[in-house]
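Please read them with the structure open.

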Amino acid sequence: MSAKQIITPALRAAVHVRSSKLSPELAKSAAAYLSSAPSGGKHALPDLSYDYAALEPVISAETMELHHSKHHNTYVTNLNVSLEKLDAAVSAGDVSGIISLQGALKFNGGGHLNHTLFWENLCAKGSSEFPTSGALKDAVDARFGDFDTMKKDFSALTIGVQGSGWGWLGYNTNTGSIEAATCANQDPLKATTGLVPLLGIDVWEHAYYVDYRNVRPNYVNAIFDVVNWKAVEERLVNAQG
């Protein structure tokens with residue numbers, strides 16, 4: 001696949017398509033997808049800040065390698081392919097083509113976004129420690145009462161996801177509180193619920209089947225031992241402004 005720059009010509013063409021053929025919502029969506037691409041025109045698989053074996057025994061090196069280098073990489077590859085097709089469809093004024101790409105863009109774009117955040121959520125077991133004071137503890141105590149109750153409620157919601165999806169802790173900018181939520185498939189939290197993502201737990205089977213087979217509750221309970229709470233708190237502070 002070529003590494004051509006897709007942003008500038010596509011956005012320029014989108015202005016023409018917006019005025020002539022596309023609904024405002026579809027034109028806005030196309031422009032947003034195209035403008036999300038990096039300066040080189042293509043998304044890339046992010047490097048991890050830790051080795052594949054760093055999360056053992058909670059998550060094995062085998063699972064991490066498959067999850068990161070295969071599954072996440074597939075979302076990135078397919079997102080780039082979809083963006084090139086979107087660029088061509090916008091430039092050609094192909095409304096039908098633009099519409100037909102929305103599902104692939106949402107699925108693969110969400111997969112890339114969710115997994116990028118997921119890797120940042122994790123750290124070696126010895127480095128995972130929930131804070132005893134600060135913004136995150138205050139927010140958890142205010143919403144759930146204490147950490148144990150948050151873990152219980154958040155875990156139950158996440159384990160209960162039907163089929164494939166994600167469990168999330170998110171920040172509600174309207175209420176100023178954190179909330180637990182779920183999203184199906186690779187649907188991004190903010191686009192789906194309006195919540196700012198703080199912590200995501202991937203409950204697609206590829207995230208845990210090698211290590212836990214089909215026993216999702218054991219995986220969800222164990223992953224709290226490798227959560228990077230510093231990263232979670234940084235997201236919260238940024239969301240609070």
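1. **Ground rules.** This is a predicted model, in which local features need pLDDT of at least 70, side-chain atom pairs count only at pLDDT 80 or more, and totals for chains, interfaces and linings use all residues. Numbering runs from 1 along each chain as its sequence is written, and side-chain values use heavy atoms, with hydrogens and water left out.

2. **Aromatic pairs.** The structure holds 12 aromatic pairs. Rings of Phe, Tyr and Trp (its six-membered ring) pair if their centres lie within 6.5 Å; planes under 30 degrees apart are stacked, over 60 edge-to-face, and the rest tilted. Phe107 and Trp204 form a tilted pair, because their planes stand at 55 degrees, with the ring centres 6.1 Å apart. This pair links distant parts of the chain: Phe107 is in helix α5 (102-121), and Trp204, 97 residues apart from it, is in the loop between β3 (196-202) and α9 (209-212). Helices (H or I, at least four residues) and strands (E, at least two) are DSSP runs, numbered from the N terminus. Phe107 is partly exposed at 33% relative accessible area, whereas Trp204 is buried at 16%. Buried means under 20%, exposed over 50%, and partly exposed in between (1.4 Å probe, protein chains only).

3. Trp166 and Trp168 count as stacked because their planes are at 20 degrees, with centres 5.4 Å apart. Both tryptophans are buried. Elsewhere, ring pairs join Phe130, Phe147, Phe154, Phe224 and Trp229 into a cluster.

4. **Thr158.** This residue lies in helix α7 (147-159). Thr158 is buried, at 0% relative accessibility. A polar atom of its side chain lies 2.8 Å from the backbone oxygen of Phe154. Beyond neighbours within four places in sequence, Thr158 is in contact (heavy atoms within 4.5 Å) with Gly167, Thr182, Ile201, Val203, Arg216 and Val220.

5. **Largest pocket.** How much space lies in the largest pocket? About 500 Å³. Of its 23 lining residues, Gly109, Gly110, Leu113, Pro188 and Ala191 are the closest to the centre. Helix α5 gives the largest share of the lining, 9 residues. At least two residues each come from α2 (24-35), α3 (61-92), α5, α8 (189-193) and β3. A pocket here is an open set of points on a 1 Å grid over the protein atoms alone, where a 1.4 Å probe fits, with protein on both sides within 12 Å along at least five of seven lines; lining residues have an atom within 4 Å of a point. Points are joined across faces, edges and corners, and the volume is the space filled by probe spheres set on them.

6. **Gln186.** Look at the loop between β2 (177-184) and α8, where Gln186 lies. Gln186 is buried, with a relative accessible area of 0%. Its side chain makes a polar contact of 3.0 Å with that of Tyr75. Such a contact is a pair of N or O atoms within 3.5 Å; within protein, one must be able to donate a hydrogen and the other to accept it, and residues adjacent in sequence count only if both atoms are side-chain atoms. Contacts beyond four places in sequence include Phe107, Trp166 and Trp204.

7. **Backbone geometry.** The Glu56 to Pro57 peptide bond is cis, with omega near 5 degrees. Pro57 lies in the loop between α2 and α3. Asn185, not a glycine, has a positive phi near 55 degrees. Arg213 also has a positive phi, of about 55 degrees, without being a glycine. Asn185 is partly exposed at 37%, and Arg213 is partly exposed at 47%.
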